[in-house]
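My notes follow in the order I checked things.

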Amino acid sequence: MICRRVGAVLPAVSALLLALTTMPSAHADDLAGATLAEVSGTGIHNTYNDKSTYTYLANALDTGTSLVELDTWANVFNRKWDVSHSNPLGSDNNCVQADTAADLYTGNRNQNLDSCLDDIRIWLRAHPSSHPIMVKIEMKNGFDNTLGMNPTSFDAYVKAHLGSVLYTPADLLTKSDGTRYPDLDTAARANNWARNSVLSGKAIVEIIPGTFEQAVDPASSWVDVVYAQHLKDLNDAGTIDQAAVFPGVLGAQAVDPRTRYSDTTLRPWFVVFDADAAAWAGDGDTQWYDTNHYLTVVTDAYDVSPALSSSDPSLADARARVAELAADGASYISTDWITAPANGVLGEVLSRG
């Protein structure tokens, strides 16, 4: 536990905590030659939502996090992608309308998804040596084709605002000689992911079905299925370069969870998986994901037994938990650890498996 006594000890403790929370990962340089599927990083759950901790989204990025999460709503009135945890009719977040790196820490917040993606792009361009960031997007109410808010328009939207920092499905498919693998599964199994050094200052986007669409819509219309079909169709048409994001499979477990998809032709288009950390750690051999070079995002790292504080574990406990989940084959370990010293794990990049 942290010493909380006041007096002469406090300055020394404060200095130590500052050093710990700003210290770069000792492993990052050693892993520069590893591919994206060979490393593990730590992320922040609902990064946009905690404005009391992260006044601006850029403040969260400044921690060195490997993952940020955004929740989107297809707004039926303004036909925009709002970013909010629970409000389907308006944005509530720490994103701003920035044009330069200096703009990231000022101005009106509560912007739409385009501004959040702009903020990430601008921050990454200002930090070109940063390790790649996974942008996890929970699409609360999914796509809305009647409004034109479908996979095709979403691709164009994401590409317009992340631009050259975006790592896409076509990038994974493309071999060094310019030819391409037939599907994402084949490319992932061949470990064709780019190396960390190449991905410095880049972003990769995962989309997952939202809680609202899961409650009201049939599984066949959730964003994972719809976007996987979109990827397959684009590839068949020779236009896979238009794709911007990777669909995530919820409920990753020891056995292949893609068997839930009755259309077997869609399964090879899923190479990113999402799991609850407690279920992940207790569900047998999860090395299958690491062996096949699939990316895995595990949430609520503190819930693994023995449970830790959801916001403020000791630095030693936080580091041990991250190392445990990395050894279990997790690529991204999502937490709500927002206070020092646990914040000190956010910049760490570890060897996976």
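I take helices and strands as DSSP runs, numbered from the N terminus. The model is predicted.

**Second largest pocket**

I began with the second largest pocket. Its space comes to about 190 Å³. I counted 15 lining residues. Nearest the pocket centre I found Lys 136, Glu 138, Ile 208, Asp 274 and Thr 299.

Which elements each supply at least two residues of this lining? I noted β4 (133-139), β6 (203-209), α7 (211-216) and β8 (272-276). Strand β8 gives the most, with three residues.

Then I sorted the lining of this pocket by class.

**Cavities**

The largest cavity holds about 60 Å³. I listed its lining as Leu 36, Val 39, Ser 40, Gly 41, Ser 66, His 131, Pro 132, Asn 196, Tyr 332 and Val 349. Strand β1 (residues 39-44) gives the most to this lining, with three residues. By class I have five nonpolar, five polar and no charged residues there.

The second largest cavity holds about 30 Å³. I found Leu 36, Pro 132, Tyr 167, Leu 199, Lys 202, Ala 203 and Ile 204 around it. Six of these lining residues are nonpolar, one is charged and none is polar.

I checked the two lists for Leu 36 and Pro 132. Both residues line the largest cavity, and both also line the second largest cavity.

**Disulfide**

Last, I turned to the cysteines. A disulfide is a covalent bond between the sulfur atoms of two cysteines. I counted one disulfide in the model. Which cysteines form it? The pair is Cys 95 and Cys 116, with sulfur atoms 2.0 Å apart. That falls within the 2.5 Å cut-off for a disulfide. The link of Cys 95 and Cys 116 is right-handed, with 105° about the S-S bond.

What does the pair tie together? Cys 95 sits in the loop between β3 (81-83) and α3 (113-126), and Cys 116 sits in helix α3, so the link joins parts 21 residues apart in sequence.

Cys 95 has a relative accessible area of 0%, so I wrote it down as buried. Cys 116 is also at 0%, so Cys 116 counts as buried.

Conventions. Residues numbered from 1 in each chain as written. Predicted model: local features only at pLDDT ≥ 70, side-chain atom pairs only at ≥ 80, totals over all residues. Heavy atoms only, no water. 1 Å grid on protein atoms, 1.4 Å probe; cavity = no way out; pocket = protein on both sides within 12 Å on 5 of 7 lines; lining within 4 Å. Points joined across faces, edges and corners; volume = space filled by probe spheres on them. Helix = DSSP H or I, 4+ residues; strand = E, 2+ residues; numbered from the N terminus. Nonpolar A, V, L, I, M, F, W, Y, C, P; charged D, E, K, R; others polar. Buried < 20%, exposed > 50% of the residue type's maximum accessible area, 1.4 Å probe, protein only.
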